[in-house]
Amino acid sequence: MSALTELAIRKFPHPTSGSVKHFDPSLPGFGIRCSAKGKSFFIMYGEKRRLKTLGKWPELPLKEARQAAKQLLISPPLVPASPSFHAVRERFLTDCRSRLRPSTVERYHYALKEIPDRKLDKLPTEIEDPNQLKALKALFNWCIDRNIADRNPYIRRKVRFAVRDRLLTDDEIVAIWHVDQQPFSDIVKILILTGQRRNQIWRFDPSWINGEELTFPSTVMKSGRAHAIPLTGYRAHLPESPFSFNSWSKSKRRLDKASGVTDWVLHDFRRYFSSTMAKLGVPLHVTEQLIDHRSQLSGVAAIYNRYDYLKEMRDALMAFESHVQNLVGKTRPTT
C-alpha cells in the first residue's frame, strides 16, 4: 500500500455506521478515520498505543497533519489524569442536547445515571445492560473526538437487545388502569388508549391539537416525520398544559406494587394495542397508521398512497376505547 495522498483520502467512502481507519505506511501509527459524518486524522503513539485526533480533513490538510503526527512521535505529550466519569457524562449529555433527538438524550441519561462515578479509565468493561453499553460506546467515541480519551474500551462489544414478546392480558390492563397516580396514571391511560410511544405522550403540548386531530411534531417521533391521529375519548386524559414529569422509574415501581402487575414495560402497551386491534377486526394497515408503523405502506406504495386514513383511524380508536371501557367497568380483578 502506498502512502496516503489527498486524492486517496477524497476517494475513501463514508461508512453508513461505525468508522474505518486507513493507516499511512510511510508513517507508523498515522492515518485517517472515516465515519458517516466526516474524516479525521489521528496518530497512535507511545507504548500503550494511545490515540490522539489531530483534526478534521479537509480543514486540516494532509501535509500539516503528517507534520503534527511526526512531532507527537518525537515528543509525546504528558498523559493527563483521567477525568471523573460523572463530569464527562454531564458534558456529553449537554452536547447531545444540542444535536440529538430528545428521546435519544433521554435514553442516554437514564442509561448512564446508574453507573457509579470513578475515573474514566477505570470504568468496568463487563457491563451487560444493552442500554448502558450503547450509551457508553457513544460517550467514548465522543471523548476520543475531543481528546478526552484515547480509546473506546467497549468498541468491540456487541449490543444485543432482547426481543420482547410480553403480551399484557385484559385483566392486567384493568389492574393497571385502576391505579390513580397522577400525572403518571394519565400518561399510562393515554398510552393504553392510543398505542403511541412514551416520548410522544409525556412531551404532549396542547398546541398540538388542531380541531379534531392531534398532530405529534417530527421532533418527538422516532420516524422523524409528523404524525396525526384523530382526537377521541382519550382526550379526557390530556392535560391543559404540558406534563411536568420525570420520575419514571419510581412511578413505575409504585404502579407495579399497586396493580400487582410485574415484568412489563410501558412499550408493551403498543403490543397489546396492536394485538387487540387485530382481535377487533381492524385492518393491519389502519393499525400501523395509528402507531406510525408503515410496513404495509412502504416503498412505492408509500410514495403514491397519500390517503390519511383519518376516518378509519377514528373508527378503530373508538372501537378500541369501547373495548377498554367494557373491561375497566367491571370489578377490578384480585392480583
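K113, K250, R253 and R254 together form a positive surface patch in this predicted model. One of these residues, K250, belongs to helix 9, which covers residues 248-259. K250 has a relative accessible area of 53%; exposed means over 50%, so K250 counts as exposed.

The loop between strand 7 (227-230) and helix 9 holds T232. In contrast to K250, which is exposed, T232 is buried, because its relative accessible area is 8% and the cut-off for buried is under 20%. Apart from its neighbours within four places in sequence, T232 contacts R314, L317, M318 and E321.

Helix 11 runs over residues 284-291, and six of its eight residues are buried, so the helix is largely enclosed by the rest of the structure. The buried residues are V286, T287, E288, Q289, L290 and I291. Directly after helix 11 comes D292, with a positive phi of about 65 degrees.

Helix 2 (residues 62-74) contains E64. With a relative accessible area of 45%, E64 is partly exposed, as this class lies between the buried limit of 20% and the exposed limit of 50%. E64 and L327 are 263 residues apart along the chain, and 71 Å separates their C-alpha atoms.

Notes. Residues numbered from 1 in each chain as written. Predicted model: local features only at pLDDT ≥ 70, side-chain atom pairs only at ≥ 80, totals over all residues. Heavy atoms only, no water. Patch = residues over 30% accessible without salt bridge, like charges linked within 9 Å, V, L, I, M, F, W, Y side chains within 5 Å. Areas by Shrake-Rupley, 256 points an atom, 1.4 Å probe, with all protein chains shown as cover. Salt bridge = Lys/Arg side-chain N within 4 Å of Asp/Glu carboxyl O. Lys, Arg positive; Asp, Glu negative; His and termini not counted. Charge placed at Lys NZ, Arg CZ, Asp CG, Glu CD. Helix = DSSP H or I, 4+ residues; strand = E, 2+ residues; numbered from the N terminus. Buried < 20%, exposed > 50% of the residue type's maximum accessible area, 1.4 Å probe, protein only. Contact = heavy atoms within 4.5 Å.
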